[in-house]
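Open your viewer and get your selection tool ready. We will walk through this model one stop at a time.

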Amino acid sequence: MNQNPDFERFQNLSFEDFKTLAKDNSLSQYQKIGFLNIYREGKEKNIFQDIILKLALENEAKEDKILLDIGPGCSELPLMILDLCKDLSIKPILVDSKEMLDQLPSEGVVKYEGYFPNDVPTLISDYQNKVDYIVGYSILHYVFYNTCIFKFLDVAVSLLKPGGKLLMGDIPNISKRKRFYSTETGIAYHQKFMNTDSLPGVNHLIPEPTHIDDGVLLGIVQRYRNFGFDACLLPQPSTLPMFNRREDLLIQKY
Ligand SMILES: C[S@@+](CC[C@H](N)C(=O)[O-])C[C@H]1O[C@@H](n2cnc3c(N)ncnc32)[C@H](O)[C@@H]1O
């Protein structure tokens with residue numbers, strides 16, 4: 001069991017919980033988005049670089065292109081994404097709670113307040129087949145826990161224009177976690193990170209309600225391939241804080 005009280009505090013957060021965190025100014029920018037500081041402090045530049053690489057956002061002007069960030073939160077990461085949009089002349093659109101969006105700059109940014117897709121019908125009707133890049137970083141597990149991931153993804157991919165890419169990043173995969181922590185490498189990693197002699201808690205062959213696993217992720221890949229998109233799972237580089245138990249999903253419209 002994890003002894004850090006914040007670990008429990010930031011487990012299984014709802015959209016409403018995130019609103020409360022966003023307004024709590026006793027919290028760091030990382031805690032406001034549900035992370036312990038150790039997982040984000042000094043790491044967001046690496047996350048940003050990985051997003052650029054996976055979306056192939058090379059350093060050239062992209063006038064008339066649109067980037068939608070679903071659930072940008074309020075740490076340095078969305079600021080880096082907004083700066084990149086400015087540099088590359090990409091139109092940025094953000095959708096998150098008012099409480100989160102209020103923490104981010106508004107100049108040159110289109111903001112939609114509310115839960116995607118349920119609360120933003122205008123965004124969905126106005127941007128069908130028009131978006132070049134969609135980023136949803138560290139969000140899919142919250143959608144999985146709270147609502148329907150297929151509704152979320154079906155609507156998101158309907159916004160992509162031909163050639164457009166959707167990156168759902170930083171998805172915790174409980175199967176990957178179990179595989180890793182069942183190895184000597186995983187046990188050594190756990191013991192060093194937690195400064196303990198104990199073994200990581202791993203239970204195979206039990207139900208894992210609320211957790212995304214291989215079945216969910218491979219099912220998503222198959223669903224969108226069957227719909228005519230290109231879809232794949234991508235590993236995270238070891239410079240990212242939870243690379244050994246998380247992965248990314250990339251869906252591209254041909
Ligand atoms: C863990 S934070 C990640 C923030 C940011 N993407 C990052 O990685 O730094 C999750 C964010 O997603 C937002 N969120 C969760 N579900 C959402 C949804 N369906 N529509 C819009 N925002 C959502 C939360 O309010 C929160 O700001």
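**Stop one: the ligand**

Select the ligand: it sits in the largest cavity. Here a cavity is a set of points on a 1 Å grid over the protein atoms alone where a 1.4 Å probe fits but cannot get out, and sitting in it takes more than half of the molecule's atoms within 2 Å of its grid points. Keep in mind that this is a predicted model, where local features need pLDDT of at least 70, side-chain atom pairs count only at pLDDT 80 or more, and totals for chains, interfaces and linings use all residues. Residues are numbered from 1 along each chain as its sequence is written, and side-chain values use heavy atoms, without hydrogens and water.

Next, show the 21 residues around the ligand (a heavy atom within 4 Å). Arg 40, Gly 71, Asp 96, Phe 116 and Tyr 137 come nearest.

**Stop two: polar contacts**

Look for pairs of N or O atoms within 3.5 Å. A polar side-chain atom of Arg 40 is 2.8 Å from a ligand oxygen, and one of Asp 96 is 2.7 Å from a ligand oxygen. At Phe 116, a backbone N or O atom lies 2.8 Å from a ligand nitrogen.

**Stop three: the second largest pocket**

Now select Leu 79, Leu 82, Asp 83, Cys 85 and Lys 86, which are among the lining residues of the second largest pocket. A pocket is an open set of points with protein on both sides within 12 Å along at least five of seven lines, and lining residues have an atom within 4 Å of a point. Pro 105 and Glu 107 are also among the lining residues.

Conventions: Polar contact = N/O pair within 3.5 Å; in protein donor to acceptor, adjacent residues only side chain to side chain.
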